[in-house]
Amino acid sequence: MAKSLIFPLPLLAVAHQQLILGSSHGQGDDSDATLVKVWGKLLGANIQDAASAELYEPEQLARQIIAKSTVVKRIGFIGLGAMGFGMATHLLKSNFCVVGYDLLCTLPACEFVYALHVCIFCLRVYKPTLTRFVNAGGLIGNPPAETSKDVDVLVVMVTNETQARAFLYGDLRSHCRSIYHPFFYSIPCICEPAGATLANVHSCTRNHELTLTTTRIMNEFWCLPPPSVFVTYTLRASEGTLTIMASGTDEALTCTGSVLSALSEKLYVIRGGCGAGSGVKMINQLLAGNSGGTSWMFENRVPHMLDNDYTPYSALDIFVKDLGIVTRESSSLKVPLHIATVAHQLFLAGSAAGWGRQDDAGVVKVYETLTGVKVEGKLPVLKKEVVLQSLPPEWPLDPIDDIHRLNQSNSKTLVVLDDDPTGTQTVHDIEVLTEWSVESLVEKLRKKPKCFFILTNSRSLSSEKASALIKDICGNLSVAAKSVENIDYTVVLRGDSTLRGHFPEEADAVVSLLGEMDAWIICPFFLQGGRYTIKDIHYVADSDWLVPAGDTEFARDASFGYKSSNLREWVEEKTRGRIPASSVSSISINLLREGGPDAVCDTLCNLQKGSTCIVNAASERDMAVFSAGMIQAELRGKSFLCRTAASFVSTRIGIIPKAPILPKDLGINKERKGGLIVVGSYVPKTTKQVEELKLQCGHFLKKLEVSVDKLAMKSLEEREEEINRVAEMANLFLGASKDTLIMTSRELITGKTACESLEINFKVSSALVEIVRRISTRPRYILAKGGITSSDLATKALEAKCAKVVGQALAGIPLWQLGPESRHPGVPYIVFPGNVGDSKALADVVKSWALPSRLSSTKQLLLNAERGGYAVGAFNVYNMEGAEAVVAAAEEENSPAILQIHPSALKQGGIPLVACCVSAAEQANVPITVHFDHGTSKQELVEALDLGFDSLMVDGSHLSLKDNIAYTKYISLLAHSKNMLVEAELGRLSGTEDDLTVEDYEARLTDISQAEEFIDETGIDALAVCIGNVHGKYPASGPNLRLDLLKVNYKQSNVSYFSVAIDNVRIES
C-alpha cells in the first residue's frame, strides 16, 4: 500500500523485515516458532524465563530500605541547576546540613553532547546561585573537594552521563578527595505519561555502587521547556514530590535511603543491583521512542500534529539524545534494535532540519517534507459563495404563515433566557425583563405573550454562579406558571452564535428544575452575523470566506475557549465526553430543503428521550422550516430545551423583519444633546470597528479612553481617579451636544485562569457601570458595544427593569427603549454585539444616529442645492430669537438655510451675535451656514475673516469697475486662504437695506460684458446681480425682473453661483 501511494514507512519496513526473519527461522506450522523465540535463540537469551521471573513490589522494598536507613547528618550537593537547586533547598528544609557547589561548562551544549563527548568544566563557582543557596541556609564548598569533605552522602546533580563520568572518573575527580562515602548522580531524560520524572542517578561507596532513576519531564539545559512545564517540575523538586526508582546493593541503598525518601513522593526500589535503574530508564526511552498506535505517547502527540501546534512540551532533541543512549547501549551489549535505530535516524533528520527545539511531535514534519502530505487536521476555509451555491434549493414554500397558524394552536410562550442582551438582535416589539421575581413573571405570563426575554447576563459569571442563576429563574418561572391558568412555555437558552457560554452547565440547570426534555436542540445559525452550520460544521463568515468556528478568535476566548468546529464533537468536548459525538443526532440541510417541516417533525418525534440534536442551516428559510416542524412536534406532546443563537427565536415566533430604526422614527431627531457610545468588548472585530469609527467620525466625536490597567490592576485610589476623570469629561461633552465615545484601552489583559479572566472582566465592566452612573446629562441615545457591557449598563447603570425591543439599528444590532423606571426613560439604547458587523458597521450606526454635522462651507451647501435642483434661502438676522426662528423654520421644512449678518447688525450685536448664529447652525438638524453680508469696507471684511463665518460678501458695487475688481480681489485672496466662499456684487440695486440706501438714479443693471471680466479677475465663487430687483417694496405693478440677463450671465461666466436679492430675501441659485 505504501508503495502504491508513494509514501515512505521506514519503521513498518524494518518491522516487516523482522517478521520475515522470524518466519525464515521457523519450523513450518510449529506454534513455538514465534518472533520472540526466534530472537531469543539468535541472542542466546531465554525471554520466557525472564518473563516468568518472581514478581515483587518495588514500593514495599522502598519502605523496608527507609525503615532501616542510617542517619545522614551532612550532604554534599554538586550541581545547583534548575532541578538541583530545588532538591538541595528541600533537603535543607528537611533538616539536613547541605554543602553546595555549582559548576559551569565551557563548551556549547551541542558540542558537549554530540561532538566528541568531551566535557570541560570551569572551576569557578557560579556566584548568583551560590548566594541564593546561602540565603536559603546552605553552606558553600569551594573547590569541589570541600563539598565532598566529611559528608555522609554526596549528590551529583548534573546534566548528563558525560558530565557525571568526568566528575567521577575523569579530570574533575582530581579536584575531589577520594570518595569513600555514598553518592549518587542524576542526569535529565525523557518524559513519560504519568508526568513522573526520568533521570539517571548513580551512587557508590568504596565497594558498592548504587543506580537510581527518576522520571521527569525536563529538556536539556540548552533547550528549556515552556515556563509552565519548567515551573511544574522544578517545583516538584523543591517540594520533594519527585518519583524515584533506585537500584543498588542493600548497603548503598540503606546509606542513602533517608535522602531518597526526603526527595521523593514515591520511591521504588528496583532489584538487580547497580544498573537496573538505568535499564528501566532505557526501556522507558525505548518504549516512548517507538510507541504503538494505542500508546499514551501516540494519543498525546497526535493532537499536536493535527493542531499544527509544536509548542515544546518535550523537545524533539530530547529523543535524539535518549534514543542515542538506547542505540549506544544496544551496540555495547551486542543487541540489535532495528526499529529503535531507524526511529533514532528519523528524529536526527528532524533535528538536522532545524526542528530540534520544537515539540517531539514535530518528527511528523519529516514525513510531510518527504511526501508533500500535510498531517494538520484543521478544517479548510471555504469560499462562501461556492459553498452556498452547492447546497440544494431551499424549501419552495415560505412556512411563515404556517408558523403563525400553528402558534395559534400552540399555547406555549417562548421564554428566552438571554446570557447577554445581544440575543434580541432579530426581534421587534418584544419586551425584555432584567429581573425575574415571581410577581414580574406572573404579570408577564398573564398577558399570554408569544415571547419575552429574560436578561440573565450569565456569560459574565462563573460556571457555578451561572448554574445557580438559571435554577433561580426556572424555579420562579415554574411557580409563576402554576399561578396562571392555561399557560405553558418553552425555554430557550439564547447563547452566543460563536459557541461561547456556559454549555452544558446552564442546560443541566434547567433540567434539574424543570425535568428531562425529549431533546436538547443546538442551533447556533445566525444569518446577520454570518454564522452558518453546514454538514454539522459551524462556520463564521469573514468577508467572502467561511472559517470553521474552532479556528476563529472566538474559539480562543479566555473563559469559553474550545477546539471543535464540528458541532457533534463540540458537544462531546464541552460535556467532557458525557455526551459522545456518536450519540448526537443531526437535522441536515438536505432534510430541511427536501423534506420540509413534516420531515423535521418526524425526526424530532423519533428521537430517543434525552437526546441531543444539532440543526444545520444556511438561510432564514432553513430556520423557518425547522421552526414549523418543531412546533408540530410540540403539538404532538414533545418538549425541547433549545440552546440557540438569535435567528431561531425570530423564526420560531414568526417575526417579519423590518427596516433599521432611525432617530426620526422615534421622534428624537430634534433633540440637541450628544449621544453616548460605550465600548467594552475586546474581540478583535470590535477593535477594528473602533478604529474605523475614529477614522470616519473623529471630526465630530469626542474620545475618552479608560485605562484597563488602572481599573483592574492598580490601587483603589487610581481606579477611583480614573472613573471620576472620565465621568466628568463625558458630562461636559454631552452637555455641549457632542457625541462622546468612552472606550477601554485596547490592550487585552487576561488572568492565568478562566476565573481570573472573568474577575478582570468584572472589574472593567463594573467601572464602566460606575462611569455611566455618574453621568447626569441625559444622552440623545446610548450605544453599548459588547454583550457584558450592554447588560451591565442597562441593569446597573441605567437601572432598567424592563425595556421594549423596538427593532434594529442595523442588521443584527438591537435597539431598545428603556422603561419608565430607568434613569433615562425612553432613551434609545443600542445594544451592539462585540462579534457582529463588518469593520464599518459601528461607524455606520453612529453616523446615522449622530447629530447632523455642520457643513464645512457655504460652497458645499450650494453645491448640494445645485445637484438637487432647489434654491437656498438666506435670511438676515439681528438677534438670538431671529436665528432660532430661521433654524426652526428650516428644520420644519427639512430645508437648508443661510443665516446672514449685515455690518450694521454686527455693529450692534458684536461677537455674541456671531457666536449665537454659529452655535445655532452647529446644533441644527438641517444644514445651516453663517454668512457676512454686504461688507463695504476693507476693515470690517478683514475683521470678519476670523469671527467664524462660513462665507462673506464683498460689496464694491459703489466703486468703479477697476476699483471694484482690485478691492474684491484683495479680500477674495484672504478669504480663500481660510476656505471661505466669497460673494461679490456687480451692478447696484435701488432701495434701502438696513442703513444703506441707493437712489433710483444710482441704480444700474449688471453689465454682462463686465461680468465675465470681473469674475475672471477676482476669482470669486458667487456673483450678486442686479436684474431689476430692488431692496424694499416693489411698485403696485410688481417687479420687472430681467431673467434673460440672469440666464446670459450664467451661460457666459465661470462663476459657480448667482444670488438675487428680492424684497429683502436673498434666493441662492
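**Helices 16 and 17.** I looked up how helix 16 (residues 338-355) and helix 17 (residues 364-371) are placed in this predicted model. Their axes come within 8 Å and cross at roughly 80°. Angles of 65 to 115 degrees count as roughly perpendicular, so I noted helix 16 and helix 17 as roughly perpendicular to each other.

I then listed the residues that make the contact. Helix 16 contributes L346, A349, G350 and W355, and helix 17 contributes K365, V366, Y367 and T369. I sorted the residues of this contact by class and got 5 nonpolar, 2 polar and 1 charged.

**Strands 10 and 11.** I next checked in which sense strand 10 (residues 242-248) pairs with strand 11 (residues 264-269). The pairing is parallel and runs over 5 bridges. I picked out T243 and found that its bridge partner in strand 11 is K266. I also followed the chain through helix 12 (residues 250-263). Strand 10, helix 12 and strand 11 together make a β-α-β unit, and the unit is right-handed.

**The sheet with strand 18.** I traced an open sheet of 4 strands, ordered 12-20-19-18, with antiparallel pairing. Which strands lie at its edges? I found strand 12 (382-383) and strand 18 (531-534) there, each pairing on one side only.

For I534 I wrote down I537 as the bridge partner in strand 19.

Conventions
Residues are numbered from 1 along each chain as its sequence is written. This is a predicted model: local features need pLDDT of at least 70, side-chain atom pairs count only at pLDDT 80 or more; totals for chains, interfaces and linings use all residues. Side-chain values use heavy atoms; hydrogens and water are left out. Two strands pair if DSSP finds at least two bridges between them. Helices (H or I, at least four residues) and strands (E, at least two) are DSSP runs, numbered from the N terminus. A crossover is right-handed if, with the strands pointing away from the viewer, the path from the first strand over the helix to the second runs clockwise. Axes are lines fitted to C-alpha atoms, for helices over the stretch in contact, and angles run from 0 to 180 degrees between N-to-C directions. Angles under 35 degrees count as roughly parallel, over 145 as roughly antiparallel, 65 to 115 as roughly perpendicular and the rest as oblique. Contact means heavy atoms within 4.5 Å. Ala, Val, Leu, Ile, Met, Phe, Trp, Tyr, Cys and Pro count as nonpolar, Asp, Glu, Lys and Arg as charged, and the others, Gly among them, as polar.
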